[in-house]
Amino acid sequence: GSAPFLKKVVTEYPSLEIELFLGMTQQGISEKNHQMFNDLSQGYSNISVYYQVFGKYTHMKILEFTSLNNRNTYIGSANFTENGFVEQREIMTPIEDDLETLFVQQRANSMLCCDEDILNKINVYPDEI
């Protein structure tokens, strides 16, 4: 996932509640993305960005849209990035399975990006790398 894409989505849909789980952050995250994720998480009460800090890397792409009476879940290849949603040919397909247990497990393996202890768990690297 990319922070610039999240910012674009938030700008276009400011009241949308978003929980974004980044499952590859144990490999590190760039300073620019980390700072922007923090700014968005702290600047919008409806945005929560989680970094995975425990367990095997999670590379699944799952989108779940919920409302009071409806849940639509999609799986596929698109990362939560401009490339994944605009520039590249990707596929997302609807599924009927309830993936709540996956989200519970992912939440247990993750911390909020703005947690005071996150820099002890995740490597933040210079953007030049």
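1. Arg 71 has a relative accessibility of 44%, and because residues between 20% and 50% are classed in the middle category, Arg 71 counts as partly exposed. This is a predicted model, and the points below should be read as describing that model.

2. The place of Arg 71 is in strand β5, which covers residues 71-76. Leaving aside residues up to four places away in sequence, Arg 71 touches Glu 64, Phe 65, Thr 66, Asp 98 and Glu 100, and with Glu 64 there is a side-chain to side-chain polar contact of 3.2 Å. Val 49, by comparison, lies 22 residues from Arg 71 in sequence and 21 Å from it in space, C-alpha to C-alpha.

3. Helix α1 (residues 3-12) and helix α2 (residues 31-43) have axes that come within 9 Å and cross at roughly 25 degrees, which makes α1 roughly parallel to α2. In this contact Ala 3, Pro 4, Leu 6 and Lys 7 of α1 meet Asn 33, Met 36, Phe 37 and Leu 40 of α2, and the residues involved divide into 6 nonpolar, 1 polar and 1 charged.

4. The largest nonpolar core holds 20 residues, of which Leu 6, Leu 20, Phe 37, Val 49 and Tyr 51 touch the most other members. Two or more residues are given to this core by each of α1, β1 (18-22), α2 and β3 (47-52), with the largest share, 5 residues, coming from α1.

5. Leu 20 touches Leu 6, Phe 37, Ser 48, Val 49, Tyr 50 and Phe 80, again not counting residues up to four places away in sequence.

Terms used: Residues are numbered from 1 along each chain as its sequence is written. This is a predicted model: local features need pLDDT of at least 70, side-chain atom pairs count only at pLDDT 80 or more; totals for chains, interfaces and linings use all residues. Side-chain values use heavy atoms; hydrogens and water are left out. Axes are lines fitted to C-alpha atoms, for helices over the stretch in contact, and angles run from 0 to 180 degrees between N-to-C directions. Helices (H or I, at least four residues) and strands (E, at least two) are DSSP runs, numbered from the N terminus. Angles under 35 degrees count as roughly parallel, over 145 as roughly antiparallel, 65 to 115 as roughly perpendicular and the rest as oblique. Contact means heavy atoms within 4.5 Å. Ala, Val, Leu, Ile, Met, Phe, Trp, Tyr, Cys and Pro count as nonpolar, Asp, Glu, Lys and Arg as charged, and the others, Gly among them, as polar. Buried means under 20% relative accessible area, exposed over 50%, partly exposed in between (1.4 Å probe, protein chains only). A polar contact is a pair of N or O atoms within 3.5 Å; within protein, one must be able to donate a hydrogen and the other to accept it, and residues adjacent in sequence count only if both atoms are side-chain atoms. A nonpolar core is a set of buried Ala, Val, Leu, Ile, Met, Phe, Trp, Tyr and Cys residues joined through side-chain atoms within 4.5 Å.
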